[in-house]
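Please keep the sequence and the model in view while reading.

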Amino acid sequence: MQHVNLTAYDNVELLTHYTQHDFEKYCQAKLESCDKHISFIRGHCVDDAWQGRVCEIGSGNSKLLYRLELEGLLEFGTGFEISHSRHTFAEKFRALIGSQKVHNQQENVMDVAPVKEMDLIIGVDNILNLIAPLHPTAEQNILSWIRKGLRTNGYLILELWDFVHILKLIELSDNQQLKIWGEFPQPDQFEFGMYQVSLNENQYVVWKKMYLKRNSTERSHFENILKPYTHEKIIKVLKTAGFKHIRIFPKWNPEEEQVKGEYVVLAKKEELKI
């Protein structure tokens, strides 16, 4: 039986849920949502003349890779996404903007050989939180894969969640279960999300989600299991994996609103001295 994290996004961004107008509007909003990523990468990794080889793990609809290409920052980009629906969406998105430099792969990144000589590998949207619970060596395996894929002095960027605030709320809640809800802005296809959050026997966060589609009674259900990473924990893990110059940022851009518990990690691969 497959781990829930490998199947949770199977029907996300189904093209049948979008008219052509809504699809184009949604894609434009997704490109604009990458302002913070571009600002961070320009500020900490590259100069204005830079064009690099970039890999994204859990690339979803590939909005960040496309935005990098549109900004003139991409020599070559490849994205790994396990969800068929999101991969299909990404390919239509690629055609919409006329991308020539991004290659989308519908693959479990853990099942393929490491990419080679990448200048930058990115994992946003808490991808390491999601990969680590897959099996006992998943964390070690993915960080080894990343290190092998980077050139010397290449960068790794991770967006992570420490869950410290969530864990405190779970501890205070009835039956050790936290129930919360949120509202999505247009043009997202969903209007509301309702969440039930708890801990499993491994002290991983179990996040059960129900989404209510906009102007509809249709509901979608997802479940994720996530490993929390405090700042101290991720620094230790990355050092053990051979990364150097590890820096923690509370958010992508000083001007953006901070999401409690989320943060950004920047690390560098240096040649191991024997």
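In helix 9 (residues 231-240), Ile234, Val237 and Leu238 are buried, that is, under 20% relative accessible area with a 1.4 Å probe and protein chains only, where exposed means over 50% and partly exposed in between. Seen down the helix axis, the buried residues of helix 9 fall within an arc of 95°, so they line one face of the helix; the arc is that of the directions from the axis to the C-beta atoms. Glu232, Lys236, Lys239 and Thr240 are exposed on the other side of helix 9. Helices (H or I, at least four residues) and strands (E, at least two) are DSSP runs, numbered from the N terminus.

This is a predicted model, in which local features need pLDDT of at least 70 and side-chain atom pairs count only at pLDDT 80 or more, while totals for chains, interfaces and linings use all residues. Residues are numbered from 1 along each chain as its sequence is written, and side-chain values use heavy atoms, with hydrogens and water left out.

Strand 2 (residues 74-80) and strand 3 run parallel and are joined by 4 bridges; strands pair if DSSP finds at least two bridges between them. Gly77 stands opposite Val102 in strand 3. Strand 3 (residues 102-105) has a covered face, Val102 and Asn104, and an uncovered one, His103 and Gln105. In a regular strand the side chains alternate between the two faces of the sheet.
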